[in-house]
Amino acid sequence: MAQWEPLLEEVVTARHHDLLGYAQMLTRDRQEAEDLVQTALIETFGKPRSFPNAIVAETYVRKVIASRFIDGCRKASAERRALRKVGATEADPAAGPHLRAEHSTDVGAALAQLSPRERACIMLRYLDHLSTHEVAQALGLSDGAVKRYVSDAVARLNGLLGTDADAERDEWSDVTTGGAP
Amino acid sequence: MNDLAALLRAEMAHEATGSRDGFDPAALLDTIRRKARGKRRVRATVQAFGGLALLALTGGLAWLTLGHQGEPVPGASPNPSGSIPVSPSPSPSATPSPSASGTIPEPWDVPRDDAGLPIAPQVDDATLAQVGPGWILAEYTSGAPPEGTPSVDDTRFFLVSPDRGIWEVGRASAEADMQLWRPERHELIYWDSDLSWVLNLASGELEPFADASDNYEFLGMLPDGREVWLSFDTHQSVALKGIAVYTPGATEPDLQFPRPSVRTNVNWRIYDDHLLAIPDANLGDAYGGTSVWEVYLDGSVVERVLTLPPGLGYCADEWTILPGTLVWNCSANNESEHYTEYSTWILSMDGGSATEVDVPLNFWDHQNQVATRLPGVDVDVLEAGFWEDTFPVRWFAFELPYSAP
C-alpha cells in the first residue's frame, strides 16, 4: 500500500535515535552518521515498497545504512587509490571512518579497531540477527567473504572485550519469507 | 555481561542516547518527506504505463460495482485529468511490457561495461531526428553493486529505440531523477540537488528550470498540453510555495499563483482541468478528517468533505478511477500499523456515500512493476513484498515513454 508517510513519521520520531546510534557505531562519526541515516531513509521511502509495520521498515533502513556505509568505504578506498596514483597525499591515508572517532566506551573502542566491512558484518549479524547469506546480500559481498569478516571480527572483539562469541555457533538461519533474489 | 550481542545492543543504546542533543524530528521529517515524495512522484509517473493494464481491470471492477453494467468502462483512461502523462502505447514489439499477471520480459542481451551498463554511443542529431512513438528515455540509478563490481556514483540517461537501439544522452549525480521528457524539443528535465534542470539532448547544454532560487517539481499535464509545476523554497520546508502553469518550452509561466489555502501536507494531482489537494497522511474520520480541496487555475479553492462509513480507522488515498471519485484504502481499526487489515472504498466527490470494492490483496503493490526490463537491470521490483526488492540490485531503471504534446 502507499501508506508510507505515517510509517516514515513513526520511524523518524520513534526510531531515529536508534538508527543514528546504529549508524554511529558504523561510522564512528556523528555527522557521517546523520548523513547516512538521512540517505537511507530517503532511499527506503523514496521508492515504492511495502512494509507491514514500522519494525520491518526500520530493519530495512538498517540494512540500507550498512550497505551504503560499505559503498562509501568502497568509494573512499577508490579515491585513496586515485590520490596515490597521482602522487597526492591526504591527511590520514590509512583512515577509514573508524580512526577518526574518540571512543567513549570500551565497545566503541573495540569496534573502531575493526575494518569497516568487519564492523558492518558484525552489526548485521549480531544486532540484526541476519544469516551469513543475508549479510552477504545486504552488503554485496560473497558468503565466503562475510564468513571471513565475521570470524576475524569476532576473534578480535572476544580478545578486546572478553566475550566468548563463536561465529559458527552464532549462525542464524535465513529469515526471508520469499527468498531473496 | 560478556555476551557480544548484548554488548553491541548496549553500545547502540549508548550512542542513541548521545544522539538526542539538538535533534529536530520535524525538520528531518520535512527534508526526508520532501525528497522521498519527489522521487516517488517521478517513479509513479514513469511507471504509470506498467500499471495501466491493472488499472483498467480495476476500473472495470469499480464500474460494475457501482452498478453501471452495460455502460462503457472508462478503461485505460481511469484518470480523466491526464495527471499521468500516458503516451500513445508503444507497440508490443517495440517495448516489452508486463502482462496483467505481472510477467516481466527477459532482459535484453547487449554489450555491457564492467558496471553492468549498456555500452552505448552518445546520441547524435540524426538519431534524435528519428525519435517518435515507441521510443523511451531510460534512467539508470545505482543499486547495491555486488562485490568486485565497480561502483558508479552517477545517474545515467539513455535513449532507447523501438528496435532496441540504445544511446547515452547524459549523466547526473546519484540523487538525480528524471521528471519530464519533451521529445519534440529534445529536452530532458530532471531533478537533482533540490533543483529541476533542463538538459538539451542535442547540444548537451544544461540549465536550471525556471527561477533557480526555487525548486520546481513537475506535477503533470493539463488536458490542453500545458505543464503544471509546483514550486518550493530551495533547501527549505516541504511546504508548497506556489503553482505555475507553463506552455512547454516557454521561459515564463502562463500563470502562477501562491500556495492555496489548504492543509500543509497534501498530495497534489491534476484533476480534469484543475488541481486536487489530498492530505497525504491521517485521512479518515478517526484521524484528520475527510476533506479534500479542488484548486482552480484562478486560485479559487473549493473544499469537499467526503463521506466514509463509521468504524473505519486510518485511510490512505490511492488513485482516481472514475470521474468524480477517489479511491481510498482504510484500515479496519484505529491502529495505523495494521496495514494488512484494510478495505478499499470508492468515495464520491459530491459527498455521497462511499462504496466498498473488492480489490485483490496486494493489488496496489503491483503498481510497482516496471514496464520494460532494460539491459543491465538484473533485478527490479517484481512482486509485492519486502524482500524481493532489496538486495542485490545493481541498477534501478525507470523510463519515460515518448509522448507527443
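Trainee: Over how many bridges do strand β14 and β15(B) pair in the antiparallel sense?

Mentor: This is a predicted model, in which local features need pLDDT of at least 70, side-chain atom pairs count only at pLDDT 80 or more, and totals for chains, interfaces and linings use all residues. Residues are numbered from 1 along each chain as its sequence is written, while chains are lettered from A and ligands numbered from 1 in the order in which they are written. Strands are DSSP runs of E with at least two residues, numbered from the N terminus, and two of them pair if DSSP finds at least two bridges between them. For β14 (residues 291–295) of chain B and β15(B), the number of bridges is five.

Trainee: Which residue of β15(B) is the bridge partner of B:Val295?

Mentor: B:Val295 has its partner in β15(B). That partner is B:Val301.

Trainee: Why is β12(B) largely enclosed by the rest of the structure?

Mentor: A residue is buried if 20 or more other C-beta atoms, placed from the backbone, lie within 10 Å of its own; it is exposed if 12 or fewer do, and partly exposed in between. β12(B) is largely enclosed because, of its six residues, the number buried is five.

Trainee: Which residue in the turn between β12(B) and β13(B) has a positive phi?

Mentor: β12(B) pairs with β13 (residues 274–279) of chain B in the antiparallel sense over six bridges, and B:Trp268 has B:Ala277 as its bridge partner. The two strands form a hairpin with two residues between them. The phi in question is about 60°, and the residue is B:Asp272.

Trainee: What is the average twist in the sheet β8-β9-β10-β11 of chain B?

Mentor: Four strands form this open, antiparallel sheet, with β8 (214–221) and β11 (255–258) at its edges. From one strand to the next, the twist averages 20°.

Trainee: How many helices are there in chain A?

Mentor: Helices are DSSP runs of H or I with at least four residues, numbered from the N terminus. Chain A has zero strands and follows the pattern α-α-α-α-α-α-α. The number of helices is seven.

Trainee: How many residues of helix α5 in chain A are buried?

Mentor: Across chain A, buried residues make up 48% of the 181 residues. Helix α5 (residues 116–126) is mostly covered, with A:Cys121, A:Ile122 and A:Arg125 among its buried residues. The count is 11 of 11.

Trainee: At roughly what angle do the axes of α6(A) and α7(A) cross?

Mentor: The axes of α6 (residues 132–139) and α7 (residues 143–161) come within 8 Å. The two helices are therefore roughly perpendicular, a term for angles of 65 to 115 degrees, as against roughly parallel under 35, roughly antiparallel over 145 and oblique for the rest. The crossing angle is roughly 105°.

How values were computed:
Axes are lines fitted to C-alpha atoms, for helices over the stretch in contact, and angles run from 0 to 180 degrees between N-to-C directions.
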